[in-house]
Structures are given as structure tokens and as C-alpha cells.
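Me: I would like to learn how to read a model of this kind, one feature at a time. Could you take me through it slowly, giving the general idea before the case at hand?

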Amino acid sequence: ETRFPPTRSAGGAYAPPALSNQLCRNKIVSCILCSTLNCICAILISTLQINMTTSNNRPTILVIHGAWHHPDFYATFCKAFEGLGYETVCPRLPTCNNDVPPTKKLADDLSLIRQTALSLLDSGKAVIAVMHSYGGVVGTDALYGLAIDQLIYMTAFVPPTGNSLAGMFGGRLPPFITVGV
């Protein structure tokens, strides 16, 4: 077992030194995400089974991923629900395209998720939204005012409506997020 002793980053937050190595970072983040997804999956499955015992009308699960995770990270999560007869949708957020400098903005993510949700609702589907990390910022605004059955914040940011992640921290990114030029 490899241990990563915490070190203080330039911003003062503790972070494993291996996070600068993309391969190690992906493995660590994947493990953390898998644990989180397994927990939320178990909770969500039990909730859905209780609520769906008398109905064949299963809701569609709209997964809104975080900034550092794309839909491939959620494949196991989505397949678990699909195996139980639920449709899952996990669109790739436009800002999560690895472009440097960034070519997309929060507004692009909001538009995609709102359009996706409206399309599902317009086709008569009930929708449950599961938002992870930055997905909470996107989902909070994109789904505001829509007839979404449940909003589930899975280790997600929950900003006041109309606020960005930076806005939640006084106009600056949180200290644990550093942007290198």
C-alpha cells in the first residue's frame, strides 16, 4: 500500500504530493469517487425501491458530473441503475474539455443540463438529478424552476441560485483549487 503523507500546498491547503502526477491523481480520485458512488448508489437504490414498489413508472436519473470527472467515471454507477430498469443520462459538461485556456463557461454547462432536463421532461419522463461536486453548481441553476422529482447533492457544492463556485468564496476560487498558467 502506498501512503501519501499530506503536504501543504502553496494555498495552504493539505494535499497529497502525488496529485500533481496525472496518472496517480486519476487513480486516487477514481478510488474516492468509486467509494462515494457506491455509497450513494446503495442509498439511492433503497430509496427508489421503496418509492417504486407500486409503480412501473421509473424515473430517469440525470447525473451531473464534477469538473474533474467525465461520464466514463460514472459508467459503473449508471450501469447499476440501468440493470434495475432505470434510464440514466450523464452528458459531458462542455467546460470539462481540457482546453487551456478554457473555451467554455459555466453558462455552457447550464444550457446543456437545462436542455437535457427539458427534453426528458417534455417526453413525459420523471427526472431525479444526482449532482457531484461542481455538478451541484451547474444543477442548482440549470434545474431551477423545473419539475424535477428529486435533487440529490452527492458531495456537491450547493450554491445559492445565481452564484458560481468562485462567487461562493467571495469572488475567488476556493484555496484548494489552484490554477496554473
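Me: Which backbone atom lies 2.9 Å from a polar atom of the side chain of His-65?

Reply: A polar contact is a pair of N or O atoms within 3.5 Å, where within protein one must be able to donate a hydrogen and the other to accept it, and residues adjacent in sequence count only if both atoms are side-chain atoms. In this predicted model, the backbone nitrogen of Leu-93 lies at that distance from the side chain of His-65. This is a predicted model, in which local features need pLDDT of at least 70 and side-chain atom pairs count only at pLDDT 80 or more, while totals for chains, interfaces and linings use all residues. Residues are numbered from 1 along each chain as its sequence is written, and side-chain values use heavy atoms, with hydrogens and water left out.

Me: Is His-65 buried or exposed?

Reply: Buried means under 20% relative accessible area, exposed over 50%, and partly exposed in between, with a 1.4 Å probe and protein chains only. His-65, in the loop between β3 (60-64) and α2 (75-83), has a relative accessible area of 0% and is therefore buried. Helices (H or I, at least four residues) and strands (E, at least two) are DSSP runs, numbered from the N terminus.

Me: How should I read Arg-92, and where does it lie?

Reply: Arg-92 belongs to the loop between β4 (88-89) and α3, and it counts as partly exposed because its relative accessibility is 42%. Contact means heavy atoms within 4.5 Å; leaving aside neighbours within four places in sequence, Arg-92 is in contact with His-65, His-70, Pro-71 and Leu-112. Its side chain also reaches the backbone oxygen of Cys-96 at 3.1 Å.

Me: Which residues touch the most other members of the largest nonpolar core?

Reply: A nonpolar core is a set of buried Ala, Val, Leu, Ile, Met, Phe, Trp, Tyr and Cys residues joined through side-chain atoms within 4.5 Å. The largest one here has 21 residues, and those touching the most other members include Leu-62, Ile-64 and Leu-93. At least two residues of this core come from each of β3, α3, β5 (127-133) and α4 (134-142). A second, separate core of 13 residues includes Phe-73 and Tyr-74.

Me: What is the mean pLDDT of the protein?

Reply: pLDDT is the predictor's confidence in each residue, from 0 to 100. The mean is 74, with 66% of residues reaching 70 or more. Over residues 1-33 the pLDDT is below 50. Where pLDDT is low, the predicted coordinates should not be read in detail.
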